[in-house]
Amino acid sequence: MTVKKFNLPDVGEGLTEAEVVAWKVKPGDTVAINDVLCEIETAKSLVELPSPFAGTVTELLVEEGITVEVGTAIIAVSDNQPGDAGPVTQAPASAPAADAPLYGKLPADTDNGENGPAGGPLVGSGPKADAVKRRARKRPAGAGEATTVAENAEGTVQDHQAVLAAQAAQAPVPHRPTAARAAVAQVTHAPVTQAPEVTTPEGTAQGVSTAQTAASRGAAISGTISGLVNKVLAKPPVRKFARDLGIDLADVVATGQRGEVTREDLVSYQAQRDAELDQAESFWGASKKPQDQRIERVPVKGVRKATAKAMVESAFTAPHVSIFVDVDASRTMEFVKRLKVSRDFEGIKVSPLLILAKAVIWAAARNPSVNATWVENADGNGGAEIQIKHFMNLGIAAATPRGLMVPNIKDAQDLSLKELALALNDLATKARAGKTQPAEMQGGSLTITNIGALGIDTGTPIINPGEVAIIAFGTIKQKPWVLDGEVIPRWITTLGGSFDHRVVDGDLSARFMADVAAILEEPALLLD
């Protein structure tokens, strides 16, 4: 038996360390190549590590909650060669052996040959259907032998089909997940034979009682089968989102058009669950204890540590200047309402943030210097240069339980309105679930922070490092507004923008903000 050790890889550019957040396997588990071993938290995000080896887990070398450096061995896996004491699963002859582990070439052999090349992938068996359990027969009161004969005549086909299905369901079905469904389908569609009416010597028609008994037995079998095949309706991405949040789909009220659970249902359920857990009386410590014993100490690490460092560097390196503008967004609200009922946007979440994102892209093309980076010592002689980007990697600031993340939509300038809406939905879903990858937070051009979602009017955001502008999108609410000399209620929002004054001076920042405001006031300008 050969034991291989898996070293913590660099899953991002320049990663030096990561925290093992949660193990997904335990010693004795059999793993295949690409099975998830654990979740790690880097300075960028939460990342799942797939296994580069196939075999049996022999030891977890790092405990949960421990931060280790890249290159540290975190798990040991045996290859389960034939003749070992452990379980052996034979791979088919046609399955090619892996020439190298998932993460490419391993580090130099420093552990007596334990980090050799990965073995071939293991082949497991397909899912096993639950057995169909028969319900014990019950004779109707007063029924005689004639009733039993009629009952058997009626139930012969049904019972035979059920027994065959139960036997087929109990047997493992390797590599054929559909076989279990086929067995269940046979029982579901089993023909029902009409029970003949049999009269007892007393002259009582027993056909009705027999039919009722058969119906009860049929209902029992049908109920068992429906428990197997009738699941909560939800699309695969929604099911994965529910697993990530630890939510049982059966507990969620479905509002989808076909009775399916949607992402919005999960978000609403999670918010309600969080509100129920957030009880003030459980927060405050007992006053009889000394105050120094009622202090909770939270280590700063991972995403929060990296964010804090970046914000300090940005705030005290780039000279910030902030400006604000009130905007009549009534036509944006009307436009969003039309998009929501549009057949082209069916099933896609649409919000005013979509229009703001398009407005920022449009305004940046008219004021290119806001889509740039200030680079120190670019010429090697102590100087600097401004690098104007002819592409838009639009960042969206997202608050997550692990801290602030700013993933960005690559080449957002090339996306249609519908494509941009889909990209925003995907970005938000992955950020809330903590599944944003490091590469998705690199190379940003300009950032939007949607503080209006929390009911905030506006703010003075800190520029994301490597950029020169950030826009704060405040809440949209009805306010009195003067239009054509009359005071009427309109949907008003306030935009706040922060800019690196080394690149974006007062005139440029004002023109850029005016262009963004113009689109929110009249989205039809996007058609120009």
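**Architecture, interior and loops**

Biologist: How many helices and how many strands are there in the protein?

Modeller: This is a predicted model, in which local features need pLDDT of at least 70 and side-chain atom pairs count only at pLDDT 80 or more, while totals for chains, interfaces and linings use all residues. Residues are numbered from 1 along each chain as its sequence is written, and side-chain values use heavy atoms, with hydrogens and water left out. Helices (H or I, at least four residues) and strands (E, at least two) are DSSP runs numbered from the N terminus. The protein has eleven helices and 18 strands.

Biologist: What percentage of the residues of the protein count as buried?

Modeller: A residue is buried under 20% relative accessible area, exposed over 50% and partly exposed in between, with a 1.4 Å probe and protein chains only. The protein has 528 residues. The buried share of them is 39%.

Biologist: Among contacts in the protein with a separation of 6 or more, what share comes from residues 24 or more positions apart?

Modeller: Contact means heavy atoms within 4.5 Å. For contacts with a separation of 6 or more, the share from residues 24 or more positions apart is 64%.

Biologist: With which residues is Phe512 in contact, leaving aside its neighbours within four places in sequence?

Modeller: Phe512 is one of the residues with the most contacts inside the largest core. Beyond four places in sequence, its partners are Val360, Ala363, Ala364, Asn367, Val370, Leu446, Ile471 and Phe499.

Biologist: Which element supplies the largest share of the lining of the largest cavity?

Modeller: A cavity is a set of points on a 1 Å grid over the protein atoms alone where a 1.4 Å probe fits but cannot get out, and lining residues have an atom within 4 Å of a point. The whole structure holds one cavity of 30 Å³ or more; grid points are joined across faces, edges and corners, and the volume is the space filled by probe spheres set on the points. Asp457, Thr475, Lys477, Lys479, Ile492, Thr493 and Thr494 line the largest cavity. Three residues of that lining come from strand 18.

Biologist: What is the relative accessible area of Asp484?

Modeller: Asp484 lies in the loop between strand 17 and strand 18. Although it is not a glycine, Asp484 has a positive phi of about 55 degrees. Asp484 is exposed, its relative accessible area being 77%.

Biologist: What distance separates the C-alpha atoms of Pro368 and Phe391?

Modeller: Pro368 sits in the loop between helix 9 and strand 10 (372-376). Pro368 and Phe391 are 23 residues apart along the chain, and their C-alpha separation is 10.0 Å.

Notes:
A nonpolar core is a set of buried Ala, Val, Leu, Ile, Met, Phe, Trp, Tyr and Cys residues joined through side-chain atoms within 4.5 Å. On a 1 Å grid over the protein atoms alone, a cavity is a set of points where a 1.4 Å probe fits but cannot get out, and a pocket is an open set with protein on both sides within 12 Å along at least five of seven lines; lining residues have an atom within 4 Å of a point.
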